[in-house]
Amino acid sequence: MSEEKPVGAQPVKKSEWELSRRDLLWLVGGVAGANLPGPATWGGLELMVKGRGAPIWHKSVCRFCGTGCGIQVAMNGGRITDVRGDELAHNKGVICVKGSMVRALPYVKGRLTTPKIRRDGKFVEASWDEAMGLVADTFKRTIAESGRDAVAFYGSGQLFTEESYTANKLFKAGIGTNNVDGNPRLCMASAAVGYTQVFGKDEPPGSYEDADHATFFFIIGANPFECHPPIFERIRRRKADNPDVRIVCVDPRRTLTAERSDVHLAPVPGTDLLLLNSMAQVICAQGLQDQAFIDKHVRFSNGTDTVGFEDFRKFLDARYRPETVEVELGIPAHQIREVAFSFARAKATMSLWTMGFNQRTQGTFLNNMIIGLHLITGQICRPGATPFSLTGQPNACGGVRDTGSLSHLLPNGRMVANEKHRAEMEEIWGVPPGTISPKPGFDTVSLFRAMEDGRVKACLVMCTNPAQSLPAVDRYRAGMEKCFLVVAEAFEDSETAKLADVLLPAALWVEKEGVLGQGERRYQLVEKLLDPPGQARSDLQILGDLAERLGHGGLIKARTSEQVWDEWRQVSAKSFYNFKGMTRARLKKERGLQWPCPDENHPGTVRRYVEGDDPFVSKGAGIEFYGQHDDKRAVVFLRPYVPSPEMPTAEFPFQLTTGRVLEQWHTGTMTQRIEELRQASGDALIEINAQDAWPLKIQDGDIVELKSRYGTMRGKARLTRSPRPGVLFASFYDTKLLINRVVADTFDPTSKEPEYKVTAVAVVKVSA
Ligand code: SF4
């Protein structure tokens with residue numbers, strides 16, 4: 001445990017006492033939370049109401065989203081009594097409503113405290129030895145009978161880095177299968193592939209700090225007011241201090257972010273590559289491009305061959321003039337021209353996007369093109385000028401993308417299909433040449449399809465809930481039922497836990513120790529503050545036990561979180577992701593560090609590819625996209641728009657889009673158990689534009705039936721003006737409204753990320 005440093009509670013103004021509990025939840029969750037003094041959380045007030053003594057505060061990190069907020073956790077009498085934003089962390093003390101309630105997480109009901117084995121259709125308690133013995137025997141027998149690729153690991157952007165790294169090493173270098181994938185495939189694979197294609201390396205070049213310098217914010221396919229509140233608060237403050245700063249939000253729904261923007265553009269779902277290409281057309285046609293930057297740093301490609309700037313311009317002129325695309329896109333030509341002009345001419349443009357872009361059949365192309373807009377305008381590698389993909393989970397970047405814990409990847413940006421990369425990792429891991437299979441494993445959708453047809457017979461699922469989060473989820477639940485499913489989980493009644501053959505109780509958040517890597521390449525340490533309940537163990541302990549039982553104990557020698565981190569630091573030193581300088585001692589002291597960070601005196605890198613900041617840029621180069629492209633240039637791709645297969649038809653005249661709400665996170669396995677959050681969000685509803693509801697005779701609260709090509713489901717309607725006409729919206733946190741039953745089973749052919757954001761549906765009223 002960390003050294004305890006008393007910080008003490010601070011006074012709260014009387015006016016705050018007059019707020020209702022619900023009001024306060026919204027305040028700490030949104031804009032005003034940052035302006036409340038001291039422990040501006042419900043917990044802080046509650047503590048004072050009860051008149052407890054001064055707690056001991058510990059530096060930590062919020063368990064929930066990819067913003068990765070630094071927090072202070074108050075311990076009193078061996079229990080967590082409060083949480084508040086850490087003013088020294090990147091989020092400057094701002095946290096959202098979920099973060100303020102994270103203190104309740106270890107104490108919610110429904111924790112799994114003993115291993116369980118399914119016998120005759122029912123779970124019975126078992127010892128760890130019995131449960132792990134069954135898991136290891138079944139894995140060994142499956143490998144012997146059906147080969148290594150008949151087993152798999154399905155992980156999560158919520159495991160600690162040390163845990164994902166160990167699982168990846170065990171399966172790829174020990175068992176010898178690349179069947180390692182995880183839920184980041186569902187939320188950010190398109191961003192990862194997009195960056196890699198453009199720069200030769202994954203992860204954003206900029207940082208949250210760019211929001212303090214930008215003069216033009218282009219928010220597209222993201223709703224940061226609800227999903228990344230401290231980042232939106234940073235944008236709001238920037239605008240409050242500089243009234244000329246403009247915010248444009250592109251979203252088919254009038255979200256809370258759109259309401260707080262200067263301009264809201266509401267495209268037809270699935271068409272926004274038309275918008276990006278049309279903006280590029282305007283920029284190039286009107287000479288708004290930064291030709292000097294292009295000449296020095298950019299290469300153009302049609303996806304196979306290098307082409308010239310003139311080819312790019314012709315490609316855009318042929319199809320993407322604003323007047324050509326405006327009807328299909330649903331945004332008037334004059335607005336396309338205005339936003340293109342502002343994007344190019346602003347002093348510093350920052351784009352922010354997330355699942356609205358990534359979860360699309362053209363997700364990779366969208367990522368390519370948004371970065372392309374920054375490259376052709378030179379809006380990159382300066383304070384405030386950057387493309388920036390927001391991320392959803394606390395460790396999808398550090399834990400999964402950086403460690404290469406996806407089926408086509410190896411650590412630090414290496415590829416399974418690349419012989420040199422395999423040889424490098426075999427040498428680093430000390431395994432014989434040829435150990436790592438040259439065949440990429442199953443990506444998420446393929447993995448669950450392989451369970452369906454019996455190619456994958458045994459799978460270890462850790463720290464995630466695919467039986468709720470996958471698209472067309474009934475199909476994949478049926479596949480999971482056929483497979484020997486081992487689920488390491490903190491809760492015994494998640495949708496996936498219900499389908500398990502073996503349930504392993506897992507420690508949660510501060511019940512174990514490890515490093516989280518959030519969305520701006522920042523690694524932060526979470527120290528252990530509590531013991532896990534009952535017999536629960538950390539996922540790292542479970543993986544170490546499995547390695548031993550499968551005969552790979554010699555390969556997985558590092559068994560403590562610190563030992564694994566030290567090994568992983570050394571591995572990183574042989575790559576451009578180098579963070580060898582992030583020792584455990586530094587992480588204990590500092591509020592995270594951003595890689596590259598090659599030695600112990602390096603402060604970390606805020607802006608990549610910029611001389612003086614990024615240690616890998618050659619002296620005198622200024623800006624250098626050093627990735628793996630020989631010419632050290634970033635690539636702008638010519639990416640044609642292809643309509644989504646889920647455009648409306650006579651049979652399915654509406655488009656369903658899904659997303660998150662302020663008070664809930666992911667599939668709600670954690671946030672739904674916290675009473676304050678559950679009450680604040682209420683049940684998930686199907687939002688329908690009042691204009692669409694009128695002819696269908698649907699009123700607020702009516703039960704409606706949604707039907708798509710993939711399934712049918714019922715839920716309660718909510719009439720609103722938020723989604724544009726023709727669009728329905730529902731959130732996926734609520735098991736009572738398992739919206740993924742109807743979500744499209746289609747995916748991006750390159751990133752393999754499913755298209756959650758566009759599903760053609762029909763809607764009818766069932767009852768009042
Ligand atoms: Fe936690 Fe995300 Fe909220 Fe920050 S924004 S407090 S990381 S849920």
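User: How many bridges join strand 8 to strand 13?
Analyst: This is a predicted model, in which local features need pLDDT of at least 70, side-chain atom pairs count only at pLDDT 80 or more, and totals for chains, interfaces and linings use all residues. Residues are numbered from 1 along each chain as its sequence is written, and side-chain values use heavy atoms, with hydrogens and water left out. Helices (H or I, at least four residues) and strands (E, at least two) are DSSP runs numbered from the N terminus, and two strands pair if DSSP finds at least two bridges between them. Strand 8 (residues 216-220) and strand 13 (residues 349-353) run parallel, and the number of bridges joining them is 4.

User: How many disulfides does the structure hold?
Analyst: A disulfide is a pair of cysteine sulfur atoms within 2.5 Å. For C187, the nearest cysteine sulfur is that of C397, 8.7 Å away. For C227, the nearest is that of C65, 8.2 Å away. The number of disulfides in the structure is 0.

User: Is C187 buried or exposed?
Analyst: Buried means under 20% relative accessible area, exposed over 50%, and partly exposed in between (1.4 Å probe, protein chains only). C187 has a relative accessible area of 7%, so it counts as buried.

User: What is the relative accessible area of C227?
Analyst: C227 is in no disulfide. It is buried, and its relative accessible area is 9%.

User: Which elements give two or more residues to the shell around the ligand?
Analyst: The residues around the ligand include C62, F64, C65, K98, G99, P229 and P230, where near means a heavy atom within 4 Å. Two elements give two or more residues to this shell: helix 4 (97-100) and helix 10 (229-241).

User: How many charged residues does the shell around the ligand have?
Analyst: Ala, Val, Leu, Ile, Met, Phe, Trp, Tyr, Cys and Pro count as nonpolar, Asp, Glu, Lys and Arg as charged, and the others, Gly among them, as polar. The shell has 8 nonpolar and 3 polar residues, and its number of charged residues is 1.

User: Which residue in the hairpin of strand 2 and strand 3 takes a positive phi?
Analyst: Strand 2 (residues 70-76) runs antiparallel to strand 3, joined by 6 bridges, and I71 stands opposite G85. In strand 3 (residues 79-85), 6 of the 7 residues are buried. The hairpin has 2 residues between the strands, and the residue with a positive phi, near 60°, is G77.

User: Which residues of helix 21 are buried?
Analyst: The cover over its buried residues includes strand 6 (151-155), helix 7 (184-187) and helix 23 (473-482). Helix 21 (residues 444-452) is followed by G454, with a positive phi near 85°. The buried residues in the helix are T444, V445, L447, F448, A450 and M451.

User: How many of the residues of strand 24 are buried?
Analyst: Both faces of strand 24 (residues 654-659) are covered, with F654, L656 and T658 on one side and Q655, T657 and G659 on the other. The count of buried residues is 6 of 6.

User: Which residue of strand 28 is the bridge partner of G659?
Analyst: Strand 24 pairs antiparallel with strand 29 (residues 759-767) over 3 bridges. It is also joined to strand 28 (residues 727-731), in parallel, by 5 bridges. The partner of G659 in strand 28 is S731.

Notes
Contact = heavy atoms within 4.5 Å.
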